[in-house]
Amino acid sequence: MDAYAQIRESAGQNKLSHAWLLLGEDSKELDAVSGFLAKTLLCDSRAGRPCGVCAQCRKMEKGIHPDLISVERLPDKREITVDQVRALRQEAFVLPNDSSAKVFVIREADTMNQSAQNALLKVLEEPPLYASFLLLGRNPGSFLETIRSRCQELRLQGQVVAEPPSEQAGKLAEAFVNGDRLGFVSVSMRLEKLEKEKFDRLLVDLYQAAAQRAKAAVGEKQEAALALCSLTEQLREMRKVYVSPGHCLGWLGTYVGNTERM
Ligand SMILES: [Zn+2]
């Protein structure tokens, strides 16, 4: 299971930890996965977090979420200082601005020296309920055992950097249910080149996303969501005799805002 799937699974079971240690060699991957995790923690949706469409997810995508606080090593320093950690601790006790959560991302957290780590430990032990802490680093041996034991560990192995299919399925379903053709086409275009396995996985996620919306919506939107469930099932049948992702999405696209012709 990759890191994205693990995060989704924890979110689905409502078991997201308030402290995470993300370990990996590639800083781009660390940023991508920590961004996904932060989005999951901040997302307003009750199911299928991160949904990719709520106000919190949108702000995360634009990189303007006020409750995401990033801590980095200062350019002229070799380590993250104890003063930076103390400032973080104070900030942690200020209520979130905009959402019900507040997420702190500490990049190169393995450069915290012992006193910085001990300062952090205090807030990890008794965090405010809304706060989460994501510690990013390469070297697990640099962290105090007391820190590690508080954190859920995720080891990244240079897998996926792109947005996972489940999130794109959410966007596709949203566009479909809203009868938003342009939106549907722009998401579809990014999915046409998906490999076989990933596209099949996307269809499973799309079905779930449609089913969730069918439960939550009313009227026309509910009908559209139900139609999407049934169309997705038909697509999964069609995939048994290989029909390309482009054709599948094109076919589905003809029903956007037009489900009465089914
Ligand atoms: Zn969301």
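At what angle do the axes of helix α4 (residues 82-92) and helix α5 (residues 114-125) cross? In this predicted model, the two axes cross at roughly 10 degrees and come within 8 Å of each other. Because angles under 35 degrees count as roughly parallel, α4 is described as roughly parallel to α5. On the α4 side, the contact is formed by V82, V85, R86, R89 and A92, and on the α5 side by S115, A116, A119, L120, K122 and V123.

The chain as a whole contains eleven helices and five strands. Its C-alpha atoms occupy a box of roughly 65 × 35 × 30 Å along the principal axes. Of its 262 residues, 40% count as buried. Among contacts with a separation of 6 or more, 76% are between residues 24 or more positions apart.

The five strands form an open sheet in the order β2-β3-β4-β1-β5, with parallel pairing. Strands β2 and β5 (152-155) are at the edges and have a single partner strand each, so one side of each lacks a neighbour in the sheet. From one strand to the next, the twist averages 20 degrees. In general, strands of a sheet pair through backbone hydrogen bonds, in either a parallel or an antiparallel manner.

Two of the pairings can be described by their bridges. Strand β2 (residues 68-71) runs parallel to strand β3 (residues 102-106) and is joined to it by four bridges; I69 has F104 of β3 as its bridge partner. Strand β1 (residues 19-23) and strand β4 (residues 131-137) also run parallel, with five bridges between them, and L21 is partnered by L135 of β4. Helix α4 belongs with β2 and β3 to a right-handed β-α-β unit.

Helix α11 (residues 245-253) has P245, C248, L249 and L252 as its buried residues. These residues lie on the same side of α11, because they cover an arc of only 90 degrees around the axis. The elements that cover the buried residues of α11 include α8 (181-191), α9 (196-216) and α10 (219-238).

Residue T232 is located in helix α10. T232 has 25 C-beta neighbours inside 10 Å and therefore counts as buried. Apart from neighbours within four places in sequence, T232 contacts L203, L206, Y207 and A210. Between T232 and S142 the C-alpha to C-alpha distance is 48 Å, with 90 residues separating the two in sequence.

Several loops show backbone geometry of note. Most residues other than glycine have a negative phi, and most peptide bonds are trans. The peptide bond from R49 to P50, however, is cis, with omega near -5 degrees. P50 is in the loop between α2 (27-42) and α3 (55-62). N14, a residue other than glycine, has a positive phi near 55 degrees and sits in the loop between α1 (3-12) and β1. With 8 other C-beta atoms within 10 Å, N14 is exposed. E108, likewise not a glycine, has a positive phi of about 45 degrees and is part of the loop between β3 and α5. E108 has 18 C-beta neighbours inside 10 Å and so counts as partly exposed.

Notes
Residues numbered from 1 in each chain as written. Predicted model: local features only at pLDDT ≥ 70, side-chain atom pairs only at ≥ 80, totals over all residues. Buried ≥ 20, exposed ≤ 12 C-beta atoms within 10 Å, placed from the backbone. Helix = DSSP H or I, 4+ residues; strand = E, 2+ residues; numbered from the N terminus. Arc of directions from axis to C-beta. Contact = placed C-beta atoms within 7 Å. Pairing = 2+ DSSP bridges. Right-handed = clockwise from strand over helix to strand, strands pointing away. Axes fitted to C-alpha atoms, helices over the stretch in contact; angles between N-to-C directions. Parallel < 35°, antiparallel > 145°, perpendicular 65-115°, else oblique.
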